[in-house]
Amino acid sequence: MAYMIKESNCTGCSACQNECPNNAILEKNFAFSIDPEKCTECVGFFDEPQCAAICPMPKTCIINPDVPRFASAV
Amino acid sequence: MQHPQSGALQHKMGDAMENGTRKAEAQLFVMQPTPLNSGPKGCGSKGGGGKSSCGSSAGQGDLSPEIWEKVKNHPCYSEEAHHHYARMHVAVAPACNIQCNYCNRKYDCSNESRPGVVSERLTPEQAARKVLAVASNIPQMTVLGIAGPGDPLANPEKTFKTFELVTQAAPDIKLCLSTNGLMLPEYVDRIQALNIDHVTITINMIDPEIGAKIYPWIYYNRKKYEGVEAARILSERQLLGLEMLTERGILCKVNSVMIPGVNDRHLAEVNREVKSRGAFLHNIMPLISAPEHGTVFGLNGTRGPTAQELKVLQDSCEGEMNMMRHCRQCRADAVGLLGEDRSNEFTTEKVMEMDVHYDLEIRQAYQEDVERQRAAVVAARNEELMTLAGTDSNISILIAVATKGGGRINQHFGHAKEFQVYEVSTSGAKFVGHRRVDNYCQGGFGEEESLETVVRAINDCTAVFISRIGNCPREGLLKAGIEPIDRFALEYIEQSALAYFRDYLERVRSGDVEHVKRGDADIRQGALITT
(Lines give C-alpha, C1' and ligand atoms only; values in the text may rest on other atoms or scores of the structure.)
Protein backbone atom coordinates (compact mmCIF):
# COMPACT_ATOMS: atom_id res chain seq x y z
CA MET A 1 0.00 0.00 0.00
CA ALA A 2 2.71 2.38 -0.74
CA TYR A 3 5.22 4.19 -2.83
CA MET A 4 8.92 3.78 -2.22
CA ILE A 5 12.04 5.77 -3.07
CA LYS A 6 14.72 4.18 -5.18
CA GLU A 7 17.67 5.23 -3.10
CA SER A 8 20.32 5.15 -5.78
CA ASN A 9 18.41 7.77 -7.78
CA CYS A 10 17.48 10.07 -4.89
CA THR A 11 19.20 13.47 -4.85
CA GLY A 12 18.13 14.15 -1.26
CA CYS A 13 16.40 17.38 -2.27
CA SER A 14 13.53 16.86 0.21
CA ALA A 15 10.89 18.11 -2.22
CA CYS A 16 8.75 15.01 -1.65
CA GLN A 17 8.83 15.50 2.09
CA ASN A 18 7.39 19.00 1.74
CA GLU A 19 4.44 17.72 -0.28
CA CYS A 20 3.48 14.41 1.34
CA PRO A 21 0.00 14.71 2.89
CA ASN A 22 0.66 11.77 5.21
CA ASN A 23 4.02 12.75 6.66
CA ALA A 24 5.15 9.38 5.41
CA ILE A 25 8.58 10.46 4.17
CA LEU A 26 11.46 9.97 6.54
CA GLU A 27 14.98 11.31 6.40
CA LYS A 28 18.03 9.84 7.99
CA ASN A 29 21.41 11.34 7.16
CA PHE A 30 20.04 12.81 3.97
CA ALA A 31 18.66 9.43 2.88
CA PHE A 32 14.94 9.58 2.24
CA SER A 33 12.48 6.72 2.49
CA ILE A 34 8.72 6.20 2.62
CA ASP A 35 6.98 4.56 5.55
CA PRO A 36 4.65 2.01 3.90
CA GLU A 37 2.39 2.11 6.92
CA LYS A 38 1.65 5.80 6.42
CA CYS A 39 1.64 6.10 2.62
CA THR A 40 -1.80 6.13 1.00
CA GLU A 41 -0.48 6.75 -2.52
CA CYS A 42 -2.19 10.13 -2.00
CA VAL A 43 -5.56 8.46 -2.50
CA GLY A 44 -8.21 10.66 -0.94
CA PHE A 45 -5.96 13.69 -1.07
CA PHE A 46 -4.81 14.35 -4.59
CA ASP A 47 -5.18 13.04 -8.11
CA GLU A 48 -1.59 11.95 -8.34
CA PRO A 49 1.04 10.82 -5.85
CA GLN A 50 2.77 14.02 -4.81
CA CYS A 51 6.23 12.54 -4.25
CA ALA A 52 6.33 11.21 -7.79
CA ALA A 53 4.88 14.44 -9.19
CA ILE A 54 7.59 16.68 -7.77
CA CYS A 55 10.59 14.34 -7.75
CA PRO A 56 13.33 15.71 -10.01
CA MET A 57 14.54 12.24 -10.92
CA PRO A 58 12.50 9.97 -13.21
CA LYS A 59 11.46 6.55 -11.87
CA THR A 60 12.60 7.29 -8.35
CA CYS A 61 9.34 7.52 -6.40
CA ILE A 62 7.80 4.23 -7.52
CA ILE A 63 5.23 1.67 -6.38
CA ASN A 64 6.65 -0.54 -3.66
CA PRO A 65 6.35 -4.07 -5.06
CA ASP A 66 6.77 -5.66 -1.65
CA VAL A 67 3.54 -4.41 -0.17
CA PRO A 68 -0.01 -4.60 -1.48
CA ARG A 69 -1.49 -1.56 -3.20
CA PHE A 70 -3.38 0.82 -0.97
CA ALA A 71 -6.85 -0.68 -0.71
CA SER A 72 -8.76 2.29 -2.13
CA ALA A 73 -6.37 2.50 -5.04
CA VAL A 74 -7.20 -0.89 -6.39
CA MET B 1 31.72 16.85 3.48
CA GLN B 2 30.25 16.52 0.15
CA HIS B 3 26.67 15.85 0.19
CA PRO B 4 24.83 13.95 -2.35
CA GLN B 5 22.61 16.68 -3.27
CA SER B 6 23.12 19.52 -5.35
CA GLY B 7 21.54 20.80 -8.29
CA ALA B 8 22.75 22.42 -11.20
CA LEU B 9 20.37 25.08 -11.66
CA GLN B 10 21.81 27.47 -13.83
CA HIS B 11 20.41 30.45 -12.71
CA LYS B 12 19.28 29.39 -9.80
CA MET B 13 16.14 28.86 -10.10
CA GLY B 14 14.55 26.51 -8.50
CA ASP B 15 11.35 25.78 -7.84
CA ALA B 16 8.99 26.50 -5.43
CA MET B 17 6.13 25.04 -3.85
CA GLU B 18 4.49 25.93 -0.74
CA ASN B 19 5.35 23.73 2.08
CA GLY B 20 2.46 21.63 2.96
CA THR B 21 0.10 23.59 0.87
CA ARG B 22 -3.12 22.06 1.83
CA LYS B 23 -5.09 24.66 0.01
CA ALA B 24 -5.04 22.79 -3.14
CA GLU B 25 -7.41 25.18 -4.73
CA ALA B 26 -4.85 27.83 -5.38
CA GLN B 27 -6.03 29.04 -8.67
CA LEU B 28 -4.17 29.31 -11.82
CA PHE B 29 -3.67 32.92 -12.43
CA VAL B 30 -4.65 34.03 -15.82
CA MET B 31 -2.50 36.97 -16.41
CA GLN B 32 -4.16 40.21 -17.17
CA PRO B 33 -2.13 42.69 -19.06
CA THR B 34 -1.70 45.30 -16.39
CA PRO B 35 -1.07 48.92 -17.10
CA LEU B 36 2.56 49.69 -17.34
CA ASN B 37 2.44 52.99 -15.64
CA SER B 38 1.45 51.70 -12.27
CA GLY B 39 3.72 53.04 -9.66
CA PRO B 40 7.41 53.64 -9.50
CA LYS B 41 9.49 51.15 -11.36
CA GLY B 42 13.17 50.66 -11.63
CA CYS B 43 15.06 53.16 -13.64
CA GLY B 44 15.26 50.68 -16.44
CA SER B 45 11.70 51.42 -17.31
CA LYS B 46 11.83 55.13 -17.11
CA GLY B 47 10.42 56.88 -20.09
CA GLY B 48 9.59 55.02 -23.17
CA GLY B 49 12.83 54.77 -24.95
CA GLY B 50 16.41 55.01 -23.99
CA LYS B 51 17.79 53.33 -21.01
CA SER B 52 19.07 55.17 -18.07
CA SER B 53 22.54 54.55 -16.88
CA CYS B 54 21.60 52.87 -13.64
CA GLY B 55 21.87 49.18 -13.34
CA SER B 56 25.00 47.44 -14.03
CA SER B 57 27.49 49.98 -15.11
CA ALA B 58 29.27 52.71 -13.34
CA GLY B 59 28.15 54.70 -10.42
CA GLN B 60 25.01 56.53 -9.52
CA GLY B 61 24.39 57.91 -12.99
CA ASP B 62 20.84 59.15 -13.17
CA LEU B 63 19.51 56.80 -10.50
CA SER B 64 17.15 58.27 -8.01
CA PRO B 65 18.72 58.55 -4.55
CA GLU B 66 16.26 55.97 -3.31
CA ILE B 67 17.29 53.34 -5.84
CA TRP B 68 20.96 54.22 -5.56
CA GLU B 69 20.70 53.59 -1.84
CA LYS B 70 19.41 50.11 -2.58
CA VAL B 71 21.99 49.12 -5.15
CA LYS B 72 25.15 50.97 -4.22
CA ASN B 73 26.53 48.24 -1.96
CA HIS B 74 25.01 45.33 -3.81
CA PRO B 75 27.65 43.54 -5.87
CA CYS B 76 25.08 41.89 -8.13
CA TYR B 77 23.04 44.99 -8.85
CA SER B 78 25.93 47.39 -9.36
CA GLU B 79 28.93 46.53 -11.50
CA GLU B 80 30.96 49.19 -9.79
CA ALA B 81 30.08 47.83 -6.35
CA HIS B 82 31.16 44.33 -7.29
CA HIS B 83 34.82 45.31 -7.16
CA HIS B 84 34.43 46.25 -3.52
CA TYR B 85 31.55 44.42 -1.87
CA ALA B 86 30.98 40.74 -1.30
CA ARG B 87 27.89 38.54 -1.14
CA MET B 88 27.04 35.20 0.28
CA HIS B 89 24.46 32.56 -0.47
CA VAL B 90 23.16 30.07 2.05
CA ALA B 91 21.94 26.74 0.75
CA VAL B 92 18.78 26.27 2.77
CA ALA B 93 16.43 25.57 -0.13
CA PRO B 94 17.06 22.15 -1.68
CA ALA B 95 13.65 21.37 -3.17
CA CYS B 96 12.61 22.55 -6.60
CA ASN B 97 9.25 22.60 -8.38
CA ILE B 98 10.29 22.76 -11.98
CA GLN B 99 12.74 20.91 -14.17
CA CYS B 100 15.11 22.83 -16.42
CA ASN B 101 17.00 21.16 -19.22
CA TYR B 102 20.22 22.86 -18.13
CA CYS B 103 20.00 21.48 -14.61
CA ASN B 104 20.79 18.07 -13.22
CA ARG B 105 20.11 17.75 -9.52
CA LYS B 106 22.13 14.59 -9.22
CA TYR B 107 25.45 16.02 -10.24
CA ASP B 108 27.56 17.27 -7.40
CA CYS B 109 31.15 18.39 -7.45
CA SER B 110 32.71 20.54 -4.79
CA ASN B 111 35.00 22.06 -7.39
CA GLU B 112 32.19 23.01 -9.64
CA SER B 113 31.09 26.57 -9.85
CA ARG B 114 27.53 26.79 -11.07
CA PRO B 115 24.19 27.79 -9.67
CA GLY B 116 22.29 24.95 -8.13
CA VAL B 117 25.44 23.26 -6.89
CA VAL B 118 26.31 23.10 -3.21
CA SER B 119 28.50 20.95 -1.03
CA GLU B 120 26.31 20.94 2.02
CA ARG B 121 22.91 22.19 2.89
CA LEU B 122 21.98 24.08 6.01
CA THR B 123 19.14 24.47 8.43
CA PRO B 124 17.94 28.07 8.92
CA GLU B 125 19.75 28.15 12.28
CA GLN B 126 23.03 26.95 10.78
CA ALA B 127 22.60 29.41 7.96
CA ALA B 128 22.09 32.34 10.33
CA ARG B 129 25.23 31.40 12.23
CA LYS B 130 27.16 31.14 9.01
CA VAL B 131 26.00 34.60 7.98
CA LEU B 132 27.26 36.06 11.26
CA ALA B 133 30.57 34.23 10.92
CA VAL B 134 31.08 35.58 7.42
CA ALA B 135 29.92 39.08 8.39
CA SER B 136 32.49 39.09 11.21
CA ASN B 137 35.32 37.94 8.97
CA ILE B 138 34.45 39.73 5.74
CA PRO B 139 33.18 43.18 6.75
CA GLN B 140 32.52 44.12 3.13
CA MET B 141 29.98 41.30 2.85
CA THR B 142 26.79 43.29 2.46
CA VAL B 143 24.31 40.93 0.85
CA LEU B 144 22.76 37.62 1.79
CA GLY B 145 21.01 35.80 -0.99
CA ILE B 146 19.00 32.60 -0.98
CA ALA B 147 19.11 30.99 -4.33
CA GLY B 148 18.70 27.31 -3.85
CA PRO B 149 20.17 24.89 -4.66
CA GLY B 150 16.50 24.31 -5.54
CA ASP B 151 14.06 27.19 -5.53
CA PRO B 152 13.74 29.35 -2.40
CA LEU B 153 9.97 29.59 -2.82
CA ALA B 154 9.63 25.82 -3.11
CA ASN B 155 11.06 25.83 0.43
CA PRO B 156 9.25 28.86 1.80
CA GLU B 157 9.41 28.01 5.48
CA LYS B 158 13.17 27.42 5.48
CA THR B 159 13.79 30.44 3.28
CA PHE B 160 11.73 32.94 5.26
CA LYS B 161 12.85 31.56 8.61
CA THR B 162 16.46 32.12 7.57
CA PHE B 163 15.72 35.71 6.56
CA GLU B 164 13.95 36.35 9.86
CA LEU B 165 16.87 35.04 11.90
CA VAL B 166 19.40 37.07 9.93
CA THR B 167 17.37 40.27 10.15
CA GLN B 168 17.29 39.96 13.91
CA ALA B 169 20.99 39.22 14.28
CA ALA B 170 22.51 41.35 11.54
CA PRO B 171 20.12 44.10 10.52
CA ASP B 172 22.57 45.84 8.20
CA ILE B 173 22.70 42.94 5.74
CA LYS B 174 20.63 43.30 2.62
CA LEU B 175 18.36 40.38 1.79
CA CYS B 176 17.97 39.01 -1.64
CA LEU B 177 16.35 36.01 -3.24
CA SER B 178 16.43 34.34 -6.59
CA THR B 179 13.54 32.29 -7.90
CA ASN B 180 12.10 30.61 -10.95
CA GLY B 181 8.97 32.64 -10.26
CA LEU B 182 6.43 29.84 -10.26
CA MET B 183 5.29 30.51 -6.69
CA LEU B 184 6.24 34.17 -6.61
CA PRO B 185 2.73 35.67 -6.70
CA GLU B 186 1.87 33.70 -3.54
CA TYR B 187 4.75 35.19 -1.58
CA VAL B 188 5.06 38.78 -2.74
CA ASP B 189 3.45 40.13 0.44
CA ARG B 190 5.74 38.08 2.63
CA ILE B 191 8.75 39.21 0.65
CA GLN B 192 7.73 42.81 1.15
CA ALA B 193 7.00 42.33 4.85
CA LEU B 194 10.47 40.89 5.42
CA ASN B 195 12.03 43.85 3.67
CA ILE B 196 13.61 41.71 0.98
CA ASP B 197 14.64 44.45 -1.35
CA HIS B 198 16.04 42.57 -4.29
CA VAL B 199 14.44 39.67 -6.13
CA THR B 200 15.84 37.89 -9.15
CA ILE B 201 13.53 35.94 -11.43
CA THR B 202 14.91 33.63 -14.06
CA ILE B 203 12.87 34.19 -17.20
CA ASN B 204 14.13 32.33 -20.23
CA MET B 205 11.11 32.82 -22.46
CA ILE B 206 7.71 34.40 -22.82
CA ASP B 207 6.65 32.07 -25.63
CA PRO B 208 5.45 28.71 -24.24
CA GLU B 209 6.44 26.93 -27.45
CA ILE B 210 10.02 27.92 -26.75
CA GLY B 211 9.52 27.24 -23.06
CA ALA B 212 8.58 23.66 -23.80
CA LYS B 213 12.10 23.16 -25.17
CA ILE B 214 13.62 24.43 -21.91
CA TYR B 215 11.27 23.09 -19.23
CA PRO B 216 10.08 19.48 -19.51
CA TRP B 217 7.71 19.87 -16.55
CA ILE B 218 6.56 21.93 -13.61
CA TYR B 219 4.83 20.96 -10.37
CA TYR B 220 2.00 23.35 -9.64
CA ASN B 221 -1.24 23.14 -7.74
CA ARG B 222 -0.45 19.59 -6.69
CA LYS B 223 -0.07 18.44 -10.26
CA LYS B 224 2.69 17.80 -12.70
CA TYR B 225 2.27 19.74 -15.94
CA GLU B 226 4.30 19.05 -19.04
CA GLY B 227 5.17 20.61 -22.35
CA VAL B 228 3.64 23.82 -23.63
CA GLU B 229 1.03 23.91 -20.87
CA ALA B 230 3.76 23.81 -18.21
CA ALA B 231 5.70 26.59 -19.91
CA ARG B 232 2.56 28.71 -20.29
CA ILE B 233 1.73 28.46 -16.59
CA LEU B 234 5.31 29.20 -15.62
CA SER B 235 5.55 32.22 -17.89
CA GLU B 236 2.27 33.68 -16.65
CA ARG B 237 3.32 33.26 -13.05
CA GLN B 238 6.76 34.78 -13.66
CA LEU B 239 5.42 37.89 -15.36
CA LEU B 240 2.65 38.33 -12.82
CA GLY B 241 5.15 38.00 -9.98
CA LEU B 242 7.44 40.54 -11.63
CA GLU B 243 4.61 43.04 -11.96
CA MET B 244 3.50 42.55 -8.37
CA LEU B 245 7.02 43.12 -7.08
CA THR B 246 7.77 46.21 -9.10
CA GLU B 247 4.42 47.72 -8.12
CA ARG B 248 5.60 47.43 -4.55
CA GLY B 249 8.88 49.12 -5.34
CA ILE B 250 10.97 45.96 -4.90
CA LEU B 251 13.92 45.93 -7.25
CA CYS B 252 13.83 43.07 -9.72
CA LYS B 253 16.58 41.62 -11.78
CA VAL B 254 15.75 39.18 -14.53
CA ASN B 255 18.15 36.38 -15.32
CA SER B 256 17.97 34.69 -18.71
CA VAL B 257 20.05 31.78 -19.87
CA MET B 258 21.13 32.23 -23.49
CA ILE B 259 20.65 28.89 -25.22
CA PRO B 260 21.82 29.05 -28.84
CA GLY B 261 19.27 27.56 -31.20
CA VAL B 262 16.56 27.60 -28.53
CA ASN B 263 15.96 31.09 -27.14
CA ASP B 264 18.88 33.21 -28.38
CA ARG B 265 16.73 35.04 -30.94
CA HIS B 266 13.83 35.27 -28.50
CA LEU B 267 15.64 37.00 -25.65
CA ALA B 268 15.39 40.49 -27.15
CA GLU B 269 11.61 40.07 -26.91
CA VAL B 270 11.91 38.81 -23.35
CA ASN B 271 14.01 41.88 -22.64
CA ARG B 272 11.27 44.21 -23.91
CA GLU B 273 8.56 42.44 -21.93
CA VAL B 274 10.40 42.44 -18.62
CA LYS B 275 11.45 46.02 -19.09
CA SER B 276 7.84 47.04 -19.66
CA ARG B 277 6.95 45.38 -16.37
CA GLY B 278 9.50 47.38 -14.47
CA ALA B 279 12.49 45.05 -14.20
CA PHE B 280 15.54 47.01 -13.12
CA LEU B 281 18.31 44.97 -14.65
CA HIS B 282 18.61 42.15 -17.17
CA ASN B 283 21.29 39.51 -16.81
CA ILE B 284 21.72 37.38 -19.92
CA MET B 285 24.00 34.50 -19.03
CA PRO B 286 25.65 31.87 -21.19
CA LEU B 287 24.29 28.32 -21.09
CA ILE B 288 26.52 25.96 -19.14
CA SER B 289 26.24 22.57 -20.80
CA ALA B 290 29.32 20.46 -20.21
CA PRO B 291 28.37 16.85 -21.02
CA GLU B 292 29.81 15.63 -17.71
CA HIS B 293 27.11 17.53 -15.82
CA GLY B 294 24.57 15.14 -17.29
CA THR B 295 21.98 17.79 -18.13
CA VAL B 296 19.62 17.35 -21.08
CA PHE B 297 21.38 20.15 -22.94
CA GLY B 298 24.77 18.77 -22.01
CA LEU B 299 23.88 15.33 -23.29
CA ASN B 300 22.13 16.39 -26.50
CA GLY B 301 25.02 18.59 -27.54
CA THR B 302 23.38 22.01 -27.14
CA ARG B 303 26.33 24.36 -26.92
CA GLY B 304 26.76 27.55 -24.96
CA PRO B 305 27.34 30.84 -26.78
CA THR B 306 30.78 32.19 -27.58
CA ALA B 307 31.95 35.32 -25.80
CA GLN B 308 31.15 37.51 -28.79
CA GLU B 309 27.73 35.95 -29.40
CA LEU B 310 26.84 36.73 -25.81
CA LYS B 311 28.20 40.25 -26.03
CA VAL B 312 26.33 41.02 -29.27
CA LEU B 313 23.04 39.99 -27.65
CA GLN B 314 23.79 41.96 -24.48
CA ASP B 315 24.77 45.00 -26.53
CA SER B 316 21.59 44.79 -28.59
CA CYS B 317 19.43 44.73 -25.46
CA GLU B 318 21.33 47.52 -23.76
CA GLY B 319 19.56 50.22 -25.73
CA GLU B 320 16.42 49.04 -24.00
CA MET B 321 17.62 48.44 -20.50
CA ASN B 322 20.58 48.05 -18.20
CA MET B 323 22.42 44.83 -18.70
CA MET B 324 24.29 42.93 -16.04
CA ARG B 325 27.54 41.57 -17.43
CA HIS B 326 29.42 40.78 -14.26
CA CYS B 327 27.39 37.74 -13.14
CA ARG B 328 29.63 34.80 -12.30
CA GLN B 329 26.76 32.29 -12.25
CA CYS B 330 27.78 31.43 -8.75
CA ARG B 331 26.88 28.48 -6.60
CA ALA B 332 24.02 28.43 -4.14
CA ASP B 333 26.59 28.47 -1.32
CA ALA B 334 29.12 30.98 -2.68
CA VAL B 335 30.90 33.38 -0.30
CA GLY B 336 33.04 36.39 -1.15
CA LEU B 337 33.53 38.83 -4.00
CA LEU B 338 31.73 37.69 -7.12
CA GLY B 339 34.91 36.47 -8.76
CA GLU B 340 36.03 34.44 -5.79
CA ASP B 341 34.55 31.70 -3.68
CA ARG B 342 35.59 31.45 -0.06
CA SER B 343 32.91 28.95 0.92
CA ASN B 344 35.57 26.40 1.90
CA GLU B 345 36.56 28.69 4.77
CA PHE B 346 33.02 28.64 6.09
CA THR B 347 31.86 25.04 6.14
CA THR B 348 29.37 24.20 8.86
CA GLU B 349 32.08 22.42 10.81
CA LYS B 350 34.37 25.44 10.75
CA VAL B 351 31.57 27.91 11.42
CA MET B 352 30.50 26.02 14.52
CA GLU B 353 34.02 26.32 15.92
CA MET B 354 34.51 29.97 15.04
CA ASP B 355 34.38 32.81 17.48
CA VAL B 356 31.69 35.00 16.07
CA HIS B 357 31.69 38.66 17.06
CA TYR B 358 29.27 40.52 14.94
CA ASP B 359 30.20 44.14 15.38
CA LEU B 360 28.20 46.65 13.42
CA GLU B 361 30.59 49.49 14.17
CA ILE B 362 33.60 47.64 12.82
CA ARG B 363 31.66 46.75 9.71
CA GLN B 364 30.57 50.33 9.19
CA ALA B 365 34.06 51.70 9.71
CA TYR B 366 35.43 49.22 7.20
CA GLN B 367 32.73 50.08 4.70
CA GLU B 368 33.42 53.77 5.06
CA ASP B 369 36.99 53.04 4.09
CA VAL B 370 35.74 51.08 1.09
CA GLU B 371 33.64 54.09 0.11
CA ARG B 372 36.72 56.31 0.17
CA GLN B 373 38.55 53.88 -2.11
CA ARG B 374 35.56 53.76 -4.39
CA ALA B 375 35.39 57.51 -4.68
CA ALA B 376 39.10 57.55 -5.54
CA VAL B 377 38.55 55.03 -8.35
CA VAL B 378 35.79 57.15 -9.85
CA ALA B 379 37.75 60.39 -9.50
CA ALA B 380 40.79 58.86 -11.20
CA ARG B 381 38.66 57.57 -14.04
CA ASN B 382 36.95 60.89 -14.59
CA GLU B 383 40.24 62.73 -14.58
CA GLU B 384 41.68 60.36 -17.15
CA LEU B 385 38.56 60.60 -19.30
CA MET B 386 39.06 64.36 -19.51
CA THR B 387 42.33 63.77 -21.33
CA LEU B 388 40.41 61.99 -24.09
CA ALA B 389 37.97 64.83 -24.52
CA GLY B 390 38.05 66.14 -28.05
CA THR B 391 39.73 63.00 -29.39
CA ASP B 392 37.86 61.76 -32.40
CA SER B 393 38.10 58.06 -33.15
CA ASN B 394 35.66 55.25 -33.71
CA ILE B 395 38.15 52.62 -32.60
CA SER B 396 37.17 50.48 -29.65
CA ILE B 397 39.21 47.68 -28.12
CA LEU B 398 38.79 45.06 -25.44
CA ILE B 399 41.23 44.79 -22.57
CA ALA B 400 41.49 41.84 -20.16
CA VAL B 401 42.39 42.61 -16.55
CA ALA B 402 43.70 40.46 -13.70
CA THR B 403 42.33 41.83 -10.44
CA LYS B 404 41.71 40.67 -6.90
CA GLY B 405 39.26 43.49 -6.28
CA GLY B 406 39.31 47.10 -5.17
CA GLY B 407 39.16 48.26 -8.77
CA ARG B 408 42.91 47.79 -9.19
CA ILE B 409 45.21 45.79 -11.45
CA ASN B 410 46.63 43.74 -8.63
CA GLN B 411 46.96 40.15 -9.71
CA HIS B 412 49.80 38.17 -11.21
CA PHE B 413 49.03 36.70 -14.63
CA GLY B 414 49.64 33.21 -13.35
CA HIS B 415 47.33 33.58 -10.37
CA ALA B 416 44.30 34.81 -12.27
CA LYS B 417 41.29 32.53 -12.16
CA GLU B 418 39.42 34.94 -14.36
CA PHE B 419 40.03 38.06 -16.37
CA GLN B 420 37.66 41.00 -16.35
CA VAL B 421 37.05 42.45 -19.79
CA TYR B 422 36.67 46.18 -20.49
CA GLU B 423 35.63 47.79 -23.73
CA VAL B 424 37.52 51.02 -24.20
CA SER B 425 36.71 53.83 -26.57
CA THR B 426 36.80 57.62 -26.49
CA SER B 427 33.56 57.50 -24.52
CA GLY B 428 35.14 55.61 -21.65
CA ALA B 429 36.12 52.23 -20.25
CA LYS B 430 33.17 49.94 -19.73
CA PHE B 431 33.04 46.58 -18.03
CA VAL B 432 31.60 44.15 -20.58
CA GLY B 433 32.32 40.72 -19.17
CA HIS B 434 34.70 38.30 -17.57
CA ARG B 435 36.37 35.10 -18.62
CA ARG B 436 37.17 32.17 -16.41
CA VAL B 437 40.53 30.54 -17.01
CA ASP B 438 42.44 27.70 -15.51
CA ASN B 439 45.03 28.83 -13.09
CA TYR B 440 48.06 29.21 -15.23
CA CYS B 441 50.40 28.34 -12.38
CA GLN B 442 48.56 25.26 -11.29
CA GLY B 443 49.89 21.84 -11.90
CA GLY B 444 48.19 19.16 -13.86
CA PHE B 445 48.51 20.79 -17.22
CA GLY B 446 51.51 21.57 -19.27
CA GLU B 447 52.33 25.26 -19.25
CA GLU B 448 51.73 25.62 -22.94
CA GLU B 449 48.36 23.98 -22.71
CA SER B 450 47.32 26.33 -19.92
CA LEU B 451 48.48 29.36 -21.84
CA GLU B 452 46.44 28.20 -24.80
CA THR B 453 43.39 28.07 -22.56
CA VAL B 454 44.01 31.64 -21.46
CA VAL B 455 44.55 32.81 -25.01
CA ARG B 456 41.31 31.22 -26.15
CA ALA B 457 39.46 32.92 -23.29
CA ILE B 458 40.75 36.43 -24.06
CA ASN B 459 41.39 36.05 -27.78
CA ASP B 460 39.12 39.01 -28.53
CA CYS B 461 41.25 41.34 -26.38
CA THR B 462 43.99 43.64 -27.60
CA ALA B 463 45.89 43.71 -24.31
CA VAL B 464 45.93 42.03 -20.93
CA PHE B 465 46.70 44.05 -17.80
CA ILE B 466 48.45 42.21 -14.99
CA SER B 467 50.54 43.15 -12.00
CA ARG B 468 53.33 40.81 -13.10
CA ILE B 469 53.98 38.17 -15.72
CA GLY B 470 56.74 35.68 -16.50
CA ASN B 471 58.77 35.76 -19.68
CA CYS B 472 57.35 32.60 -21.12
CA PRO B 473 53.68 33.57 -21.06
CA ARG B 474 54.64 37.09 -22.12
CA GLU B 475 56.10 35.74 -25.34
CA GLY B 476 53.19 33.39 -25.89
CA LEU B 477 50.68 36.22 -25.54
CA LEU B 478 52.61 38.46 -27.91
CA LYS B 479 52.68 35.64 -30.43
CA ALA B 480 48.89 35.44 -30.14
CA GLY B 481 48.63 39.18 -30.79
CA ILE B 482 47.70 40.12 -27.22
CA GLU B 483 49.86 42.72 -25.57
CA PRO B 484 50.77 41.92 -21.94
CA ILE B 485 50.87 45.16 -19.94
CA ASP B 486 52.37 45.28 -16.45
CA ARG B 487 53.29 48.93 -16.31
CA PHE B 488 50.01 49.77 -14.56
CA ALA B 489 50.63 47.31 -11.72
CA LEU B 490 48.50 48.17 -8.65
CA GLU B 491 46.88 51.12 -10.37
CA TYR B 492 43.18 51.65 -11.03
CA ILE B 493 41.68 49.58 -13.84
CA GLU B 494 39.59 52.14 -15.70
CA GLN B 495 42.10 54.94 -15.39
CA SER B 496 44.83 52.65 -16.72
CA ALA B 497 42.63 51.35 -19.52
CA LEU B 498 41.98 54.90 -20.68
CA ALA B 499 45.66 55.81 -20.46
CA TYR B 500 46.56 52.73 -22.48
CA PHE B 501 43.88 53.55 -25.01
CA ARG B 502 45.12 57.11 -25.48
CA ASP B 503 48.57 55.71 -26.11
CA TYR B 504 47.14 53.04 -28.41
CA LEU B 505 45.39 55.65 -30.56
CA GLU B 506 48.64 57.55 -30.75
CA ARG B 507 50.51 54.43 -31.89
CA VAL B 508 47.85 53.69 -34.52
CA ARG B 509 48.07 57.26 -35.78
CA SER B 510 51.83 57.14 -36.01
CA GLY B 511 51.74 53.80 -37.78
CA ASP B 512 53.54 51.89 -34.99
CA VAL B 513 50.53 49.67 -34.52
CA GLU B 514 47.99 48.42 -36.99
CA HIS B 515 44.53 48.32 -35.48
CA VAL B 516 43.03 44.94 -36.31
CA LYS B 517 39.72 43.50 -35.32
CA ARG B 518 40.29 40.62 -32.93
CA GLY B 519 38.55 37.25 -33.22
CA ASP B 520 36.06 35.54 -30.96
CA ALA B 521 36.75 33.94 -27.57
CA ASP B 522 35.60 30.93 -25.59
CA ILE B 523 33.42 31.00 -22.51
CA ARG B 524 34.97 28.35 -20.34
CA GLN B 525 32.90 25.50 -19.04
CA GLY B 526 33.54 22.58 -16.77
CA ALA B 527 34.76 22.23 -13.24
CA LEU B 528 37.05 24.73 -11.65
CA ILE B 529 40.40 23.08 -11.17
CA THR B 530 41.72 23.53 -7.67
CA THR B 531 44.97 22.34 -6.22
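Tyr220(B) stands opposite Lys223(B) in β7(B). The model is predicted, so that local features need pLDDT of at least 70 and side-chain atom pairs count only at pLDDT 80 or more, whereas totals for chains, interfaces and linings use all residues. Residues are numbered from 1 along each chain as its sequence is written, and chains are lettered from A and ligands numbered from 1 in the order in which they are written.

Strands β6 (residues 217-220) and β7 (residues 223-226) of chain B pair in the antiparallel sense over four bridges; strands (E, at least two residues) and helices (H or I, at least four) are DSSP runs, numbered from the N terminus, and two strands pair if DSSP finds at least two bridges between them. Two residues lie between the strands of this hairpin, where Asn221(B) takes a positive phi near 55°. β6(B) is also joined by two bridges to the antiparallel strand β2 (residues 98-99) of chain B, with Ile218(B) as the bridge partner of Ile98(B). From β6(B), Trp217(B) and Tyr219(B) point one way and Ile218(B) and Tyr220(B) the other way, and all are buried (20 or more other C-beta atoms within 10 Å of the residue's own, with C-beta atoms placed from the backbone).

Chain B is divided into domain 1 (63-347) and domain 2 (360-510), with bounds from an automatic or database domain assignment. The contact between them takes 15 residues from domain 1 and 18 residues from domain 2 of chain B, contact being C-beta atoms, placed from the backbone, within 7 Å. Helix α9 (residues 307-318) of chain B gives the most to the domain 1 side, with three residues.

How values were computed. Buried ≥ 20, exposed ≤ 12 C-beta atoms within 10 Å, placed from the backbone. Contact = placed C-beta atoms within 7 Å.
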